[in-house]
Structures are given as structure tokens and as C-alpha cells.
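This report covers one protein model.

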Amino acid sequence: MVARRKAARHSTVKTRAKKPTVRRSARAAEGAKSKRKAHKFVLSRFRPEDFKTDGLRSYAQYRDLGIKDATNGMAVAHVIRFVGQCDPKVVSKEHLHEAEFQMIYVLKGWMVSSFEGQGTHTLKAGDAWLQPHGIKHKVLDYSSDCEVLEIVMPANFKTVDLEK
């Protein structure tokens with residue numbers, strides 16, 4: 001008798017755990033696909049000459065990885081190479097970015113940055129961080145070999161300089 005009750009409870013649990021199978025019509029599936037923007041395949045090979053000085057900051061060179069065009073402006077990804085010795089008068093200006101997503105990964109070297117409400121951090125090769133929308137921050141120092149990978153969404157985001 002006890003074995004039957006346990007078996008009955010066990011089968012009830014199994015029945016509740018099953019999720020109904022949802023079948024979408026081919027037309028509904030096609031509609032969902034058409035709403036998404038198609039991304040293109042892109043391959044970016046390293047070439048030193050691809051680092052340009054036409055980016056946001058005068059003390060950095062930017063290597064565009066082709067993500068902006070491949071994603072129709074959904075995201076941008078670039079490698080930022082810091083150039084020369086850090087000059088705090090030029091570099092250490094508080095600013096913010098109006099972006100939905102901004103992730104930075106240190107590829108080489110190190111940098112020191114301060115973040116509103118988070119303090120000052122020395123970030124070394126292998127470190128990564130996510131900057132929330134509108135967080136005030138500034139670069140305080142960097143090594144002469146510092147390079148970071150930055151991924152931002154959307155590709156066309158606004159930077160607001162808070163110090164002149």
C-alpha cells in the first residue's frame with residue numbers, strides 16, 4: 001500500500017515537470033527570423049597599419065574590427081592602443097558614454113582608471129570590466145604597451161566630456 005502511494009506521488013511529480021511542446025508554424029518562425037537583422041561574416045586579420053589616429057582620443061590609436069558594418073551598426077569592436085607616455089593633462093578627463101553596453105578587456109600592459117562609485121583600479125592584461133550606461137570615469141595612467149579590446153552597443157554612441 002505504501003509503495004503504491006509513493007509510486008502515485010512520483011508519477012504526479014513527473015507529470016507536472018513535463019512542459020508542453022510548443023509548435024510554431026513555419027510562417028511564424030520565418031516572421032521571427034525576418035525581424036532580426038542579419039549579421040554578416042567578418043574576419044579581421046592583424047595588420048599594424050590598420051591602427052588609426054582618427055578615434056575618440058588623441059593619445060590612442062584605434063583598430064576597427066569590422067563589427068559595426070557586419071552588424072548594421074548594432075555593435076562596434078575595436079582594439080585601442082595607447083600611444084606614448086601618459087600625460088594626465090590630456091588623458092585624465094572625466095567623461096561618460098551613452099551606450100547600452102560597453103565591455104573592455106586588457107590585451108597587453110596595464111592602465112589605471114577611476115569609476116564613479118567604484119573607486120580607482122589598476123587593470124592588467126587579462127582583466128575585463130563592464131561599464132554601465134552613463135558611469136563617469138577617467139583614465140589616470142597607462143603603460144607604454146597598453147592595448148585594450150572595447151565592444152560597445154550601439155555602434156554609434158555618444159561620449160560626453162565632463163572636463164575641458
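## Salt bridges

The structure, a predicted model, holds 6 salt bridges. Side chains of opposite charge can pair when their charged atoms come close.

One of the salt bridges joins D161 and R57 through their side chains, at 3.2 Å from N to O. D161 belongs to strand 10 (residues 158-161), while R57 sits in the loop between helix 2 (26-35) and strand 1, so this pair ties together parts that are 104 residues apart in sequence. The two partners can be set side by side by their cover: R57 is buried, at a relative accessible area of 14%, and D161 is partly exposed, at 38%.

The side chain of R47 meets that of D50 in a salt bridge of 2.7 Å, N to O. R47 also meets E49, side chain to side chain, in a salt bridge of 3.6 Å, N to O.

R47 is partly exposed, with a relative accessible area of 41%. E49 is likewise partly exposed, and its relative accessible area is 48%.

## Fold and surface

The protein has 4 helices and 10 strands. Along the sequence, these elements follow the pattern α-α-β-α-β-α-β-β-β-β-β-β-β-β. Among contacts with a separation of 6 or more, 66% are between residues 24 or more positions apart.

Of the protein's 164 residues, 29% count as buried. The accessible surface comes to about 11500 Å², and carbon and sulfur atoms account for 54% of that surface.

## The largest pocket

The largest pocket has a volume of about 560 Å³. Its lining is made up of 30 residues. Nearest the centre of the pocket lie L56, Y62, H78, I80 and E150. By class, the lining has 14 nonpolar, 10 polar and 6 charged residues.

Which strand supplies the largest share of the lining of the largest pocket? That share, 4 residues, comes from strand 2. At least two lining residues are supplied by each of strand 1 (60-64), strand 2 (76-82), strand 3 (95-98), strand 4 (101-108), strand 5 (110-115), strand 8 (137-142) and strand 9 (147-153).

Conventions:
Residues are numbered from 1 along each chain as its sequence is written. This is a predicted model: local features need pLDDT of at least 70, side-chain atom pairs count only at pLDDT 80 or more; totals for chains, interfaces and linings use all residues. Side-chain values use heavy atoms; hydrogens and water are left out. Buried means under 20% relative accessible area, exposed over 50%, partly exposed in between (1.4 Å probe, protein chains only). Contact means heavy atoms within 4.5 Å. Accessible areas come from the Shrake-Rupley method with a 1.4 Å probe; for residues, only the protein chains shown count as cover. On a 1 Å grid over the protein atoms alone, a cavity is a set of points where a 1.4 Å probe fits but cannot get out, and a pocket is an open set with protein on both sides within 12 Å along at least five of seven lines; lining residues have an atom within 4 Å of a point. Grid points are joined across faces, edges and corners, and a volume is the space filled by probe spheres set on the points. Ala, Val, Leu, Ile, Met, Phe, Trp, Tyr, Cys and Pro count as nonpolar, Asp, Glu, Lys and Arg as charged, and the others, Gly among them, as polar. A salt bridge is a side-chain nitrogen of Lys or Arg within 4 Å of a carboxyl oxygen of Asp or Glu.
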